[in-house]
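Student: Please take one part of this structure and go through it closely. I have not seen the structure before.

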Amino acid sequence: MELKNFLIVVKDTDKAKEYYGNVFGLKALTDNGGNVILSGGLVLQQEDYWHKFLGRDITPKNNSCELYFEEKDVDAFYERLKKLYPETEFVNLPMMHSWGQKVVRFYDPYGNLIEVGTPM
């Protein structure tokens, strides 16, 4: 068995595609309207579709998982993100962990938790 993708729920796949392209440089590999597969294995699923599939409410900002990206210059990334998306809600500002990794955590516009850290 092989893990192929990781799916997150978004309200608008077109806007989310633009966000993940602008912030992380991800490109759409397939776009089926309410379901978009991006480079890196990230799948964007339209919230109303997902709700129909599950028959359950979607809970943004539930903090049960996060998307993790690595970036050599976390401070420059943080400044760029603030300029591109000033409404970003940060969970923590750039900080250094005891093991020497610098990270910043924030929510995407749909309440999905993201961490960007220096390579380990």
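Tutor: The exposed residues Lys15 and Glu18 sit on the face of helix H1 turned away from its buried side. Here exposed means over 50% relative accessible area, buried under 20%, and partly exposed in between (1.4 Å probe, protein chains only). Helices (H or I, at least four residues) and strands (E, at least two) are DSSP runs numbered from the N terminus.

This is a predicted model, in which local features need pLDDT of at least 70 and side-chain atom pairs count only at pLDDT 80 or more, while totals for chains, interfaces and linings use all residues. Residues are numbered from 1 along each chain as its sequence is written, and side-chain values use heavy atoms, with hydrogens and water left out.

The buried residues of H1 are Thr13, Ala16, Tyr19, Tyr20, Val23 and Phe24. They lie on the same side of H1 because they cover an arc of only 115° around the axis, taken from the directions from the helix axis to the C-beta atoms.

At the N-terminal end, Asp12 caps H1, with a side-chain oxygen 2.9 Å from the backbone nitrogen of Asp14. After H1 comes Gly25, whose phi is positive, near 75°.

Tyr20 and Phe24 are also among the residues with the most contacts inside the largest nonpolar core, which has 24 residues. Such a core is a set of buried Ala, Val, Leu, Ile, Met, Phe, Trp, Tyr and Cys residues joined through side-chain atoms within 4.5 Å. H1 gives the largest share of this core, 5 residues.

How values were computed: A polar contact is a pair of N or O atoms within 3.5 Å; within protein, one must be able to donate a hydrogen and the other to accept it, and residues adjacent in sequence count only if both atoms are side-chain atoms.
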